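The following paragraphs go through a single protein chain, from its overall layout to individual residues. Please keep the sequence and the model in view while reading.

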Amino acid sequence: MEIRTTTTYEIIEVCLLAGKIMLSSGAETYRVEDTMTRIAASYGIRSSHSFVTPTGIIFSMDGNDPTKLIRISERSTDLHKVTNVNSISRQISSGELTAKEALVKLKEIEISNLAYPKWLQIFAAFIASGCFMIMYQGLWTDFLVACFAGGLGFSALVYLHKLLEIKFFAEFIASLIIGTFAFIAVSYNLGTYVDKIIIGAVMPLVPGLLITNAVRDLITGHLVSGIAKGAEAFLTASAIGSGIAVALIFL
């Protein structure tokens, strides 16, 4: 009896940790629930239930085993971790990993830092800003200005997000910096079209993955998660728009 209890506990821990890593790394709600259900089924638990929201996961099994809740306090985008968890899920389904082995591998993924270094993310935002500006029919003479505006804004977002608990203010200040820099650059004849520069520079801040996941969750019937993610995306868009508006009004 003791062996069964320990095994069931480990299965629950594996399912919850896999769900936590995926949800906090930007996976869709339905994908998290499906992965947790498949892992439980692979270990012989045919009847399991999960309820996933952007801020928490509830998981239970039929019988006397307790329902467990895990809270998600921080969310980011790290699709590499999502891919690794999916790989472990497939290994579990094929019978290659025991619950203990899977738990060890998942803990390694949880503490690993698979994201690109900050300087590389900022450089990518730097280049992408100029390319977006060109895509929106801007001039090549404004390319470097858009690059610097986007790079400064994204740098501000990355470092202010560590200092400010509320992400809205970090996004607001980042967009304010972009608007201010673009306006000053055009004022000193370093750029031509302030609107095109701003549009290109704010694109790295736009919550594209969040909007996509919100729509996919709504389509698949996860209304709570879809609405919550949509509201989060709306707040981010509001922060970006407010920052640009303040910069253009007061400069």
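From the N terminus on, the elements of the protein follow the order α-α-β-β-β-α-α-α-α-α-α-α-α. That comes to 10 helices and 3 strands, where helices (H or I, at least four residues) and strands (E, at least two) are DSSP runs numbered from the N terminus. The model is a predicted one, in which local features need pLDDT of at least 70 and side-chain atom pairs count only at pLDDT 80 or more, while totals for chains, interfaces and linings use all residues. Residues are numbered from 1 along each chain as its sequence is written, and side-chain values use heavy atoms, with hydrogens and water left out.

Confidence is given as pLDDT, the predictor's score for each residue from 0 to 100. Its mean over the protein is 88, and 96% of the residues reach 70 or more. Over residues 1-6, however, pLDDT stays under 50, and the model has 1 contact beyond four places in sequence for this stretch; contact means heavy atoms within 4.5 Å. Where pLDDT is low, the predicted coordinates should not be read in detail.

The C-alpha trace spans about 80 × 30 × 30 Å along its principal axes. Of the 251 residues, 42% count as buried, meaning under 20% relative accessible area, with exposed over 50% and partly exposed in between (1.4 Å probe, protein chains only). Among contacts between residues at least 6 apart in sequence, 63% join residues at least 24 apart.

Leaving aside neighbours within four places in sequence, Ser-50 touches Glu-33, Met-36, Thr-37, Ile-58 and Phe-59. The C-alpha atom of Ser-50 is separated by 12 Å from that of His-222, 172 residues apart along the chain.

The axes of H3 (residues 79-93) and H4 (residues 99-111) come within 10 Å and cross at roughly 175°. Axes here are lines fitted to C-alpha atoms, for helices over the stretch in contact, and angles run from 0 to 180 degrees between N-to-C directions. H3 is therefore roughly antiparallel to H4, a label for angles over 145 degrees. On the H3 side, Lys-81, Asn-84, Val-85, Ile-88 and Ile-92 meet Ala-102, Lys-105, Leu-106, Ile-109 and Glu-110 of H4. These residues divide into 6 nonpolar, 1 polar and 3 charged.

The aromatic pairs come to 4, counting rings of Phe, Tyr and Trp (its six-membered ring) whose centres lie within 6.5 Å; planes under 30 degrees apart are stacked, over 60 edge-to-face and the rest tilted. Phe-126 and Phe-148 form an edge-to-face pair, 5.2 Å centre to centre with 90° between the planes. Because Phe-126 lies in H5 (residues 118-135) and Phe-148 in H6 (residues 143-163), the pair ties together parts that are 22 residues apart in sequence. Phe-126 is buried at 19% relative accessibility, whereas Phe-148 is partly exposed at 44%. With Phe-123, these two form one aromatic cluster. Phe-168 and Phe-169 are also paired edge-to-face, at 5.8 Å and 85°. Phe-168 is partly exposed at 28%, and Phe-169 is partly exposed at 43%.

Two loop residues remain. Gln-137, not a glycine, has a positive phi of about 65° and lies in the loop between H5 and H6. Its relative accessible area of 70% makes Gln-137 exposed. Asn-189, also not a glycine, has a positive phi of about 60°, in the loop between H7 (167-187) and H8 (194-202). Asn-189 is exposed as well, at 70% relative accessibility.

Methods: Parallel < 35°, antiparallel > 145°, perpendicular 65-115°, else oblique. Nonpolar A, V, L, I, M, F, W, Y, C, P; charged D, E, K, R; others polar.
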